[in-house]
Amino acid sequence: MWNLLEIRRRYDLRIYLFIVVVFSLLLLLLGRMVQLQWIQYKKHFTQSEDNRIHISPVYPTRGVMLDRNGLGLAVNEVSYKVTLIPERVENLDETLAALQTLMGWDDQKISKLKKQIKKTRADRASLLMDQLPWEAVAPLAARLHHFSGVDVVAGTHRYYPDAEQTSHVVGYLSLVRDVDIKEGYLHMEYVGRSGLERILESRLHGELGYKHEEVDAKGRRVALLKTVAPKMGENVQLSIDAALQKIASKALGKRTGAVVVMDVHTGEVLVLLSKPGYDTNKFITGLDTVQWNEWLNNIEKPLLNRVTQAAYPPGSTIKMATSFAGLAKGVALANGSTQCEGYVELADRKIRCWKKEGHGKVDLHDALVHSCDVFYYELGDALGMGALSSEARRWGFGEKTGINLPPESRGILPKERPSERRKKWYRGETMITAIGQGEITVTPLQMARFAAAIANGGLILRPLLEKGEPTDVVKKLDVPEEHLQKIKQGMRDVVASQTGTAYYALSRAHWTVAGKTGTAQVVMMADDEERTFSDARKHQDHAWFMGYAPFEKPEIAFAVFVEHGGHGGSSAAPVARAVVDAWADKQEAVN
Ligand SMILES: [Zn+2]
């Protein structure tokens, strides 16, 4: 017999079992829920967000550089790039193989890309090809849906229309390096590396924009959600006249040298040419090591900016500074005359005038016109090294011009004493300094500024590279008008007098020119020294011509330098002629 108690107990047990089963099931469900909702929550959430929105940078268009007439010196050309985001590619080898067939890439390109992609972060775009015209990317653009993770991006690339001629002023860009990325640049950006591209980087660069895109799970773009437009960089108008620069370049031809032309009133630089130049466009397309090494080791040093970074003995072009010093110090010879027999005797040696038979009786005017060395040996001897050096410094030598194109050379001026051990300069050293040899070197830019300062009555101007920039007078020299007129007339007769050293090159120029030739010896030779070296070009003299025009109402000043070019009158002066004629014709046409 079941008693009531027994029935009751069995009933309780069944309820108990039922509860256990139900609770177990509940727990299982709960567990699964926790697993789904909690543990895997994060993964699913990010995946779904990632599938929805992808934020990518929109690169700004770099500001262009124009010449003073609006001609492009550094411009942007529309082009396309092909990019690949590694984590969005299902099978990299297959994708690259398909791209190879479609784009016609060789195996070398593919293996190079594989290495590059390996280095790229999985969620960052890797640049496969750059600067392609539309025709080259059109087949890929039409089939992009077959290439998940691959994209064709429209943009611009830098182009330098006169690359070789403007390389030293405009400079160049190149693709970002790791060090730039650390400074905040993004992948695939270009950075200014030299010249004004480097110096004006912050103005030219512009500001990044952003693109929020909806993409599907495979990375294919579904919709554009939002764009923050990039801000284009500033366009900069330079003071350079591209046409005049081209004429200067053509006149210099294949020779190594420099040409500078400046506005004598504003300091604006119209021509800044250093030859040889180099093709800056090669930095944009990706410069190879072979080319870079060729430039680096080239004996003519194409990467060197000879206008600002190279200093050379000024030769006879310094004779105006020596003259100003003589006039200012009231040295008798400056207002008198001497007899040039072709040399001066100093102890047991002879220091020669360039004209072996001598110039006969010469005063300051004759000495400038015929470039008599003996007159200046004697004037220098009377002045002493200190006076020569400080007069040259007054006219802006031995110090940077301050042009916004660093690095810049100061050149060398003789110090008060030659060295710690020697108290005084030898007389011979002072004499050759008076004719621009020995311990004195100047840059072509300093020389052009010197010519401008003589033309404008003693204003030492900072050379400017942007059109319309406010004129910056570094200092105003106190030069008596009488002294200025004397020097200016001498410089005029260098060109106008039939016996002047630049008569043949410039007497029939389209504007009246005043100037001075210079032939700077690479190796200074005393009388008793023999020419022991070969006649190789590197031992030839440097040729200078500096001056201004028109003589009556100066507008431009210039310096032409031909490295190992021989004589100033025959080598450098004709380049000045080409520049002056072109500028004169242009001004006459305008007026
Ligand atoms: Zn002489």
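**Entry 1: Lys516**

I began with Lys516, which touches Ser316, Thr317, Lys319, Met320, Leu368, Met491, Val494, Met546 and Gly547, not counting residues up to four places away in sequence. I count two residues as in contact if their C-beta atoms, placed from the backbone, lie within 7 Å. The model is a predicted one, in which local features need pLDDT of at least 70 and side-chain atom pairs count only at pLDDT 80 or more, while totals for chains, interfaces and linings use all residues. Residues are numbered from 1 along each chain as its sequence is written.

Lys516 lies in strand β19 (residues 514-520). Helices here are DSSP runs of H or I with at least four residues, strands are runs of E with at least two, and both are numbered from the N terminus. Is Lys516 buried or exposed? I find it buried, because 32 other C-beta atoms lie within 10 Å. The cut-offs are 20 or more other C-beta atoms within 10 Å for buried, 12 or fewer for exposed, and partly exposed in between, with C-beta atoms placed from the backbone. I also checked Lys516 against Ile440: they are 76 residues apart in sequence, and their C-alpha atoms are 18 Å apart in space.

**Entry 2: helix α13**

Two of the contacts of Lys516, Lys319 and Met320, are listed among the buried residues of α13. Helix α13 (residues 319-328) is mostly covered, with 9 of its 10 residues buried. After α13 comes Gly330, with a positive phi near 65°.

I then looked at how α13 meets helix α20 (residues 481-496): the axes come within 10 Å and cross at roughly 145°. Axes are lines fitted to C-alpha atoms, for helices over the stretch in contact, and angles run from 0 to 180 degrees between N-to-C directions. The crossing is right-handed, meaning that the near helix is turned clockwise from the far one by less than a right angle. Met320, Ser323, Phe324 and Leu327 in α13 meet His483, Lys486 and Ile487 in α20.

**Entry 3: a sheet of 3 strands**

I traced an open sheet of 3 strands in the order β1-β8-β9, with antiparallel pairing. The edge strands are β1 (53-58) and β9 (221-228), each pairing on one side only. The twist averages 25° from one strand to the next. Two strands pair if DSSP finds at least two bridges between them.

β1 and β8 (residues 209-215) are joined over 6 bridges, and Pro57 stands opposite Tyr210 in β8. β8 and β9 also pair over 6 bridges, with Leu224 in β9 as the bridge partner of Glu213. How many of the 8 residues of β9 are buried? The number is 0, so β9 lies largely in the open.

**Entry 4: Val236**

Val236 is found in strand β10 (residues 236-237). I record Val236 as partly exposed, because 18 other C-beta atoms lie within 10 Å. Leaving aside neighbours within four places in sequence, Val236 is in contact with Gly63, Met65, Leu200, Arg203, Leu204 and Glu466. Glu408 is 172 residues from Val236 along the chain, and their C-alpha atoms are separated by 22 Å.

**Entry 5: backbone details**

I noted a cis peptide bond between Lys275 and Pro276, with omega about 0°. Pro276 is in the loop between β12 (269-275) and α11 (281-284). The bond from Ala549 to Pro550 is cis as well, with omega near -15°, and Pro550 is in the loop between β20 (542-549) and β21 (556-562).

Ala347 is not a glycine but has a positive phi of about 50°. I place Ala347 in the loop between β14 (343-346) and β15 (349-352), where it counts as exposed because it has 8 C-beta neighbours inside 10 Å. Ser371, in the loop between α15 (364-369) and α16 (373-383), has a positive phi near 55°. Ser371 is buried, because 28 other C-beta atoms lie within 10 Å.

**Entry 6: the whole chain**

I read off 22 helices and 21 strands for the protein. Of its 591 residues, 39% count as buried. The C-alpha atoms fill a box of roughly 160 × 55 × 50 Å along the principal axes.
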